[in-house]
Structure formats: C-alpha cells, structure tokens
Amino acid sequence: MVCNGFSLILLLGLYKAYECSDAIDSAQRLIPVYSKPVPTSVFQHEIQLDPDGNFWLFWNVSGTNITFETHVRTRGYVGFGLSQNGKMFPSDVIVGWINSDGSVYFRDCHTVGNVVPKVDSNQNWYLINGFENDFGTVLTFTRKLDTCDEDDIVINDDTIRSIYSYHEEDPISMTEMPWHGENRGAQSVMFLSSSKSLASIPKNSIKVDIVTPPYSIHLADTRHCSLHKIPQLTKKHHMIRYEPLIPKESLTFVHHIVISKCPDTSDADVGSTYDCFSTSTPDRFMTCSDPVVAWAVGGLAFNMPEHVGFAFGEADSPKYVKLEIHYSNPSMKSGIVDRSGIRMFLSPDIRQYDAAGMTLGVNPNPTHIIPPYQKSFVSTSYCNPQCTEKGLPDTGISIFGAFQHAHVLGRAIKTRHIRNGRELPPIAEDKTYDFNYQDIRTLKEERKVKRGDSFMVECTYDSSKKNESTTGGMSTGEEMCISYIYYYPRTNMSFCLASPLYDKISNDSEKAFEQLKDWNWNDQNVRQQFQELVNNSTYNTICNGPIKLESNSYKTVIPEPEYPYHKPSQSCGNSMGMN
C-alpha cells in the first residue's frame, strides 16, 4: 500500500482516516482514526484526555477499588497517572506497553523529576489485561482508592489532575525510555462523582441544538445573550442529557454557558442578541433567570439519573430560552467568530420525576469582598430555615447533583447541609477546586432535604498574588461562590443567595461598603480584622418560593451548627481486598 498524507475511506457513513507512509514495515501496523474507541466491557465513566482523541480513559468504581482502561493511539509505550498539581512530577503513574511477542510490560511507578519514572517498591496498581488493536494500545488495570502507600495518591471526591503521555516506540527497558515529547498533557477529573455514561440514547429522542448566531469574540470579557424558541412538542418530553457544542477554535475562550427559561418573551423576540448585562436590555428579557442547563470550562456531557428528567412540552414548560455565553479573551485576540451552544436530548419516554435547579451561595455583587495577600480567605453564604420552610413542599426534595463554581482565585468549595442544629455530611466538597475544570458532581447517594433545613456554601480563595481587593461579580476578574444543585420533584424555589451587610462598621450597609474601600489591605492586622468582620456580619438572604416571581428577604448572623459534622476517620491496609 503506497499513499501520501491521509487516505479517507467512507464506510457506512463514517469517515475513517488511516495514516499512511511510503514504507511501512510489519511492526508498524496502520491505526484507523475513530471518534471514540470501544472499551472491552461496560464502563460507567469515560473521558477524552487529549484534544485530538488520541488518549481515552474509561473507569468504574466498586467499593474501595477503581478499575481503569486506557485506549491510546500508539504502538509504543503508554503512561498514565495522578498528580496533585497537574505537572509530570511529583506524580503517581503507571507505565506499560505490548512487547513484540504479545506479552505486556506494566509497572506501578512514581516520578521525581525530568527523568524516567522510578518503579515503586510496592506494586499497588494491578494489570488485568493488555493488547493492541486497530485503535492502538489498550491497558486495563485496577487499584485501591487508598493504597496507604506514600508513593501513591489517594483517589477521593476532590478534583484530581490526571496526567498522560505516550510514545510511538516501545522502550528497550524502563531505564532507557525515549522522551514522549509533545505527546503528553494533564486533565482534571472527578473520578468518584462524574456523570455516568448512557448505555445508549433512545432512538425516539429529539436533539435540540441551542446555538448562538455567529458572534465575534473581540473584548477581554463578554457575556453574550441570544433568545431561542424550543421546537413545539405535541406531548411532554424529558431532557435526559445535554452536552456542549463548542468549535475547537473557541475552546480557550468559552468560559461557561447557561440556558435559562424566558417566561415573558414571544416569537417576535426570537433571534435577538444583546450584551447580557446592558442597561438597555428590555425588562422582559431580564426575567430569563431560571436556569435549565449550566456548563463551565472543562465540563463534559451530563446524563440525568434514570428516574429523573427536565420537563418540556407541558403548559408550564419553557417555550423560549435565553442562551448566555461568557467569553474570556484576556489577550484580546481578534478574528474568532463563535457558534457555541448546547445540545439537549429530549425523550418522549417520561421518567418518574421532573427535575429542577436551585442556585445557592454568595450573591455575586460588589459587597462580596476578598482582600489581597491572603493565602486562604473564606467566604460563606447562608440559606436560612425560613427559606426552605416556605419554599419546599411537605415531602421535601432529593438532590442528585451539584455544580460548584468560583473563578480564578477559588481553591476549595463546600456545600454544607444543616438540620435542627446538626450538620450533616457535605452535599459536595472539593478541596482541590480547579477553575479550568468545572463539571456537575453526581451524588453517590441522593440527599433528602426537608422543610426547615438550611445550607451554607463555603469558598476558600488564594489572593496571595493580588495587590488589591477582588469583589464579587460575573466577569472572570471578579469572583463568585455558587453551588447550583439539581433536585426533584420540581418546585418554584430556584435561588437562595446571601450578602454580608458589614453592620459591625455601620448600620447603613452602603456607608459600610464605602468605608471598606479605604481600608489598608497591606496591613496584615487589617486583613485579619476583615475576616473576623465577615464571619460576624449580619447577612441578607434572598430566596423565592412558593411563588416563583416573588422573593423573600431575611437578615441573620450565620449560626455555626450546634453539632458540626466531623468526617469519620478511615483506616487502610496494604491488602488489595477486591470487593
């Protein structure tokens, strides 16, 4: 076979590209380029680790163990691992390849610098299978979530940086590995709370693409809105999945996407585009505030649990929606025309419950202040019992997912849950929050919330490299502290947000805020005083429900739970103990 460049073959409607060269020996078999490889068994989770689809990762979690399968477009060695900081070292890695006789080389290693990985004295990653196929090299392996080995990284509910590398050739030995060059990267992953993959999308589902009209990304920070109409449905449908639609050239500029219901718009408004926060925005557009879909940078497709779906096609279902896209273009690059959006899958096969969303956290406005020079500054919000007592049904609600969101200073986020003075385990907690990877956490166990329960959203920021205070707001240069929860059954309670009043300075919150502008943030004592001020301030909480378009306001000091939650201590052993 002799060819130049790439050969394109149309087979059953699918283009496959085969790499070709003028001289191909028996050891260099052709590798077809597929959109996604097929795993060897059913895996509940998957992610494409590299932008070109050369490195795919599948995994399952069972009890205290996790099983991985890597599919890599190479006939050489494969490296995969976990890193605390997203760098190649220090990290916990495996290295493997398929020898010419079909045998598999596989080792549990760790990295210490820009040198070949060191083989661990304790081999805690166990090979299950390894082979080559038309896609490339496949390795299946398993380990305990916590191996109790200082060379290994614990896999927990936090965001974990996975690293990968590969080379087109097998090494002679572990001590003589060729450098991987540019065939490497890092990708944050939530191994224990990612959305489960759908076995298949029902054939009778309707795909609805909500995509922005062509928009030129030209400013440093923009929120662009457009209005869209949902196709007319003759009966109720449930949205069972949504996924981002982002052109490759726009990936580095699209920060987040939100689709919200628009109760007051009409056919005449469809196609309208505008700056989301322009003062000239018509009032009827400003009522588009109840989110249906939330996606942020790094996020993947989200699949609803099998018993839940977002309702469309009913009398009170959204007929018009607002697509809001936040663009971040700090280098002011020009010439980028975007057509991003969201694809929703609507199924006529109705599930048991209608889902809804609720926004908890700090009200994103300038009263949210983060002083500079702080390695660890904590902002807290409070959704008090009066809100849930008034807004939730007698039967309560069940939370099945949480989307925690901050901007570039964010380092950790925790969504706390309190009932009658006793703090329950966090609904969601991420001690290693990554601004460049924000996805919906699927709860391992749904959380029941009763009327009279309260919530606290707690965000930790690192402003040590800032020389001026940062305030709350929507732009990337400002900060947020939000937890967007997915729950059922659907109610009219869709937000519960709080702001500090700084009443220890003045009973007039506006005067207090003005005084804070003159504080000397260079003084460490002033910064400490401010943290105490925030902790002891009265907060104004606003929430809605049972009437959606009416909000309630409550003023209170955030009470610490009488019985705080303490995570049970966990012991671990060195045995594999497969469950």
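How many disulfides does a search of the whole structure find? I get five, taking a disulfide as a pair of cysteine sulfur atoms within 2.5 Å.

Ground rules before I go on. This is a predicted model, so I take local features at pLDDT of at least 70 and side-chain atom pairs only at pLDDT 80 or more, while totals for chains, interfaces and linings use all residues. I number residues from 1 along each chain as its sequence is written, and my side-chain values use heavy atoms, with hydrogens and water left out.

**Entry: Cys225 and Cys276**

I looked up this pair and found a disulfide with an S to S distance of 2.0 Å. The link of Cys225 and Cys276 is right-handed, with 110 degrees about the S-S bond. Cys225 sits in strand β17 (residues 221-229) and Cys276 in the loop between β20 (273-275) and α1 (283-286), so the pair ties together parts that are 51 residues apart in sequence. My helices (H or I, at least four residues) and strands (E, at least two) are DSSP runs, numbered from the N terminus. Cys225 and Cys276 are both buried, where buried means under 20% relative accessible area, exposed over 50% and partly exposed in between (1.4 Å probe, protein chains only).

**Entry: Cys262 and Cys288**

Here I find another disulfide, at 2.1 Å from S to S. The link of Cys262 and Cys288 is right-handed too, with 120 degrees about the S-S bond. Cys262 is buried at a relative accessible area of 5%, and Cys288 is buried at 2%.

**Entry: Cys387 and Cys543**

These two are joined by a disulfide, S to S 2.1 Å. Why do I call the disulfide of Cys387 and Cys543 left-handed? Because the torsion about its S-S bond is about -85 degrees. Cys387 belongs to helix α2 (residues 385-391) and Cys543 to strand β39 (residues 538-544), so the pair ties together parts 156 residues apart in sequence. I note both cysteines, Cys387 and Cys543, as buried.

Cys109, by contrast, is in no disulfide, and the nearest cysteine sulfur, that of Cys148, is 20 Å away. Cys109 counts as buried, at 0% relative accessibility.

**Entry: nonpolar cores**

I define a nonpolar core as a set of buried Ala, Val, Leu, Ile, Met, Phe, Trp, Tyr and Cys residues joined through side-chain atoms within 4.5 Å. The largest has 48 residues, and Met358, Leu360 and Tyr461 are among those with the most contacts inside it. Strand β35 (residues 454-461) gives the most to this core, with five residues. A second, separate core of 38 residues includes Met239, Val321, Ile342 and Ala355.

**Entry: Arg241**

Is Arg241 buried or exposed? Arg241 counts as buried, at 17% relative accessibility, and lies in strand β18 (residues 237-245). The side chains of Arg241 and Asn303 make a polar contact of 2.9 Å. For me a polar contact is a pair of N or O atoms within 3.5 Å; within protein, one must be able to donate a hydrogen and the other to accept it, and residues adjacent in sequence count only if both atoms are side-chain atoms.
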